[in-house]
Amino acid sequence: MDPYVYENSNVLKNKLNIRDEQELINIEAQFLIVGILDIDDILSDIDFFHLSSLQKVHYFLFQSIYEWAGEFRTVNIYKSEKVLGGVSVAYSDTSCIETDLKLIFDWTASIS
């Protein structure tokens, strides 16, 4: 059972207790837009070469909707994407999230 979704549902558990998937997508998009517009509020605290900064950005953008905002997930996910014909992008295994991000940070530093 996925601890992030409501029972017998694909809808993420949320602070607003929205149970309709499309409604949640719409509300999340609105919160995300507001967060992006206000991102300057946290930019001085962000160093994009550290995991904690990604977590701070995620928390800032999604804290109003999800209790788990800013935390690494604890279950593996597959998310059907319309733009990919229903296929999911490849997400890191939960046991590899930090290692995979470190590889990306190291690669980014090597090309900077």
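**Exercise 1. Is Asp106 buried, partly exposed or exposed, and which residue does its side chain meet in a salt bridge?**

*Solution.* 
Step 1: Begin with the cut-offs: buried means under 20% relative accessible area, exposed means over 50%, and partly exposed is in between, using a 1.4 Å probe and protein chains only.
Step 2: Asp106 has a relative accessible area of 39%, so it is partly exposed.
Step 3: Next comes the partner. The side chain of Asp106 meets that of Lys102 in a salt bridge, at 2.9 Å from N to O. The term asks for a side-chain nitrogen of Lys or Arg within 4 Å of a carboxyl oxygen of Asp or Glu.
Step 4: Lys102 is partly exposed as well, because its relative accessibility is 48%.
Step 5: Asp106 and Lys102 are 4 residues apart in helix α3, which means that about one helical turn separates them.
Step 6: A search of the whole structure finds 1 salt bridge.

Before you go on, note that this is a predicted model, where local features need pLDDT of at least 70, side-chain atom pairs count only at pLDDT 80 or more, and totals for chains, interfaces and linings use all residues. Residues are numbered from 1 along each chain as its sequence is written, and side-chain values use heavy atoms, with hydrogens and water left out.

**Exercise 2. How many helices and strands does the protein have?**

*Solution.* 
Step 1: Helices (H or I, at least four residues) and strands (E, at least two) are DSSP runs, numbered from the N terminus.
Step 2: The count gives 3 helices and 0 strands, and the order from the N terminus is α-α-α.
Step 3: For the overall dimensions, the C-alpha trace spans about 45 × 30 × 25 Å along its principal axes.
Step 4: Of the 112 residues in the protein, 23% are buried.
Step 5: The accessible surface comes to about 8100 Å², and 57% of that belongs to carbon and sulfur atoms. Such areas come from the Shrake-Rupley method with a 1.4 Å probe; for residues, only the protein chains shown count as cover.

**Exercise 3. Where does Asn14 lie, and which backbone atoms does its side chain reach?**

*Solution.* 
Step 1: Asn14 lies in the segment before α1.
Step 2: Its relative accessibility is 9%, so Asn14 counts as buried.
Step 3: A polar atom of the Asn14 side chain lies 2.9 Å from the backbone oxygen of Leu12. The side chain of Asn14 also reaches the backbone nitrogen of Ile18, at 2.8 Å.
Step 4: Leaving aside neighbours within four places in sequence, Asn14 is in contact (heavy atoms within 4.5 Å) with Tyr6, Leu24, Ile65 and Tyr66.

**Exercise 4. Which residues other than glycine have a positive phi, Asn8 and Asn17 among them, and where do these two lie?**

*Solution.* 
Step 1: Asn8 has a phi near 55°, a positive value in a residue other than glycine.
Step 2: Asn17 is not a glycine either, and its phi is positive at about 55°.
Step 3: Asn8 is exposed because its relative accessible area is 77%, whereas Asn17, at 45%, is partly exposed.

Terms used:
A polar contact is a pair of N or O atoms within 3.5 Å; within protein, one must be able to donate a hydrogen and the other to accept it, and residues adjacent in sequence count only if both atoms are side-chain atoms.
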